[in-house]
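Below are my notes as numbered points, to be read with the model open beside them.

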Amino acid sequence: MKIFLAQENPTVGDISGNLARLRQVLQENPGAQLVVFPELYLTGYPPCDLLLRGEFLQAVTEGLAALQELSKGYPGTTLVIGTPWQDGDDLFNSAVVLRGGTLLGVQHKRRLTSFGFFDEQRYFTPGEGNVLIQLEERTVGIALGLELDEQRALELKRGGADILINPRAVPFQLGVESQLRKGLAQAAAASGLPVVAAGQVGGNDGLIFPGASRIFDGNGRVLAALPHFQTAGCLVDLSSSEVIPEVEEEDAAALVFQALVLGLRDYVRKCGMKRVIIGLSGGLDSAVAACIAAAAVGPEWVWGITQPGPYSSPRSAEDAQALARNLGIRFDVLPITQLYHAVLSSLDDHFAGTEMNVAEENIQARLRGNLLMALSNKFGGLVLANSNKSELAVGYCTLYGDMCGGVAVLADIYKTMVYRLAEYINREEEVIPWNTIKRPPSAELRPDQRDEDSLPPYEILDGILAAYLDEGLGFQEILERGYEAETVRWVLKTVEAHEYKRRQAALILRVTTPILRPQRQMPLAAVKAF
């Protein structure tokens, strides 16, 4: 059997556009006997509350009718496509199987997944049983998403299946992707059946889907492997394909960079925008974010603005300009010092007799954010926020200041990973000035300011944050890893104290947040335990 693995990037809600792309895939692969598309391909994943709108569900019904009509033009090709499926009052996450305009069967997803940012149980009814499809000499069994494991594979085999199809849409999480692929290989080996896993690729809001589709033989060996973070496809003949080596896992920094580039590119493209605007401080975070932006939308669509203030070092502006020159992006200087003194002058009567503190610091950050948003309003363009996960976790950022923007590119990666990304970006040539990477990080909002004046060293801070936020460990469990009690207590207390800031953050591109844990929702007005 010749199978085409369609690793596609659907746009959520664009049923007609997704169908047009499906038609193109079929036209380009006339020799395929079976074409497999990802989970919920027709609507894009995740459709979220569109599924609660009657007119959208009607559009899905019409899309399925159009799909059935389209399949009449390809009588020799069987299609497996993920879609919502309505049956009376029940809505299912399903895979439909079509051939020559005939509906051969519908498999409903049985084990719904509760992703942190899309709970399938809110929208769908769990399916029951297995629908086996006879295709020439093969009997196809289908399991969607993460429900294909060894147990389900053996169940399908006992029912008569001799090939397993797995349409899937699983968001990327650093460190988890390789484990999920191993699970598919184990399902194939345990059942002795080939597994065809077609994964969605692309960014939809804050979720980034890696693709990385695979075909395994009945021994769990790889027959086909599609790349991460790219639309791709391949035609495989199960009767004659040779085993290929499993692709060696890429460096974590490379995966994160590619994921963030895809997430930002798709957000800009799918929202109908072109330009991004970014404040370039001369520091590391804005430099890495600018590199991601240039790779995502092209240097010609990135506008970098440096905004020196009363405490900015001349070297910061020089480094920002050097970065812009290396990237080939537009660069302008928009000082805030005069505005800063004007604001202080207007507050003279109210601030009289007080010492300079965070209020004066935050005025600078908010002036910068205000000017970036003004440029966005006047000329169009998506403003990027540059806070990383370490800063956002402990509130080391300014509401309506450096938190301004439509997308927070780095807000789900820790500062230590930002350094790794900088090294990755500079792996062949100096793009980010080495001075930006090597000098101590500083917000430059007061004289001689350094991040380490307010925060633990990032190696320590990030270790505690990852244990608390990503692994879900408690105070005592984190202490057992060797951290000082006073530091752990400060970090956990500070995280909880700044939940209100994170609630107001720009859209975060998710790459480290656990995908299978409910979205973190801590109360704001509550007694904290630390």
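1. By class, the lining of the largest cavity is made up of eight nonpolar, four polar and four charged residues. In this scheme Ala, Val, Leu, Ile, Met, Phe, Trp, Tyr, Cys and Pro are nonpolar, Asp, Glu, Lys and Arg are charged, and the others, Gly among them, are polar. The lining has 16 residues, of which R168, E177, P210, G211 and A212 lie nearest the centre of the cavity. Two elements give two or more residues each to this lining, α4 (177–191) and β11 (195–199), and α4 gives the most, with four residues. Helices are DSSP runs of H or I with at least four residues, strands are runs of E with at least two, and both are numbered from the N terminus.

2. A word on the ground rules: this is a predicted model, with local features needing pLDDT of at least 70 and side-chain atom pairs counted only at pLDDT 80 or more, while totals for chains, interfaces and linings use all residues. Residues are numbered from 1 along each chain as its sequence is written, and side-chain values use heavy atoms, leaving out hydrogens and water.

3. How many cavities of 30 Å³ or more does a search of the whole structure find? The search finds four. A cavity here is a set of points, on a 1 Å grid over the protein atoms alone, where a 1.4 Å probe fits but cannot get out; lining residues have an atom within 4 Å of a point. Points are joined across faces, edges and corners, and the volume is the space filled by probe spheres set on them.

4. The second largest cavity is lined by F115, G116, F117, P171, F172, L207, R510, T513 and I515. By class that gives six nonpolar, two polar and one charged residues.

5. L207 also belongs to strand β13 (residues 207–210), where L207 and F209 point one way and I208 and P210 the other. All four are buried, meaning under 20% relative accessible area with a 1.4 Å probe and protein chains only. β13 pairs with β12 (residues 201–204) in the antiparallel sense over four bridges; pairing requires at least two DSSP bridges. G203 stands opposite I208. The hairpin has two residues between its strands, and D205 takes a positive phi near 55 degrees there.

6. F229, in the loop between β15 (222–225) and β16 (232–237), has a positive phi near 60 degrees although it is not glycine. F229 counts as buried because its relative accessible area is 7%. The peptide bond from Y45 to P46 is cis, with omega near 5 degrees, and P46 sits in the loop between β2 (34–36) and α2 (54–71).

7. The largest nonpolar core has 54 residues, and L264 and V288 have the most contacts inside it. Its largest share, twelve residues, comes from α5. Such a core is a set of buried Ala, Val, Leu, Ile, Met, Phe, Trp, Tyr and Cys residues joined through side-chain atoms within 4.5 Å.

8. Finally, the disulfide count is zero, with a disulfide taken as a pair of cysteine sulfur atoms within 2.5 Å. The C404 sulfur is 11 Å from the closest cysteine sulfur, in C397, so the two are too far apart for a bond. C404 is buried at 18% relative accessibility.

Technical notes. Buried < 20%, exposed > 50% of the residue type's maximum accessible area, 1.4 Å probe, protein only. 1 Å grid on protein atoms, 1.4 Å probe; cavity = no way out; pocket = protein on both sides within 12 Å on 5 of 7 lines; lining within 4 Å.
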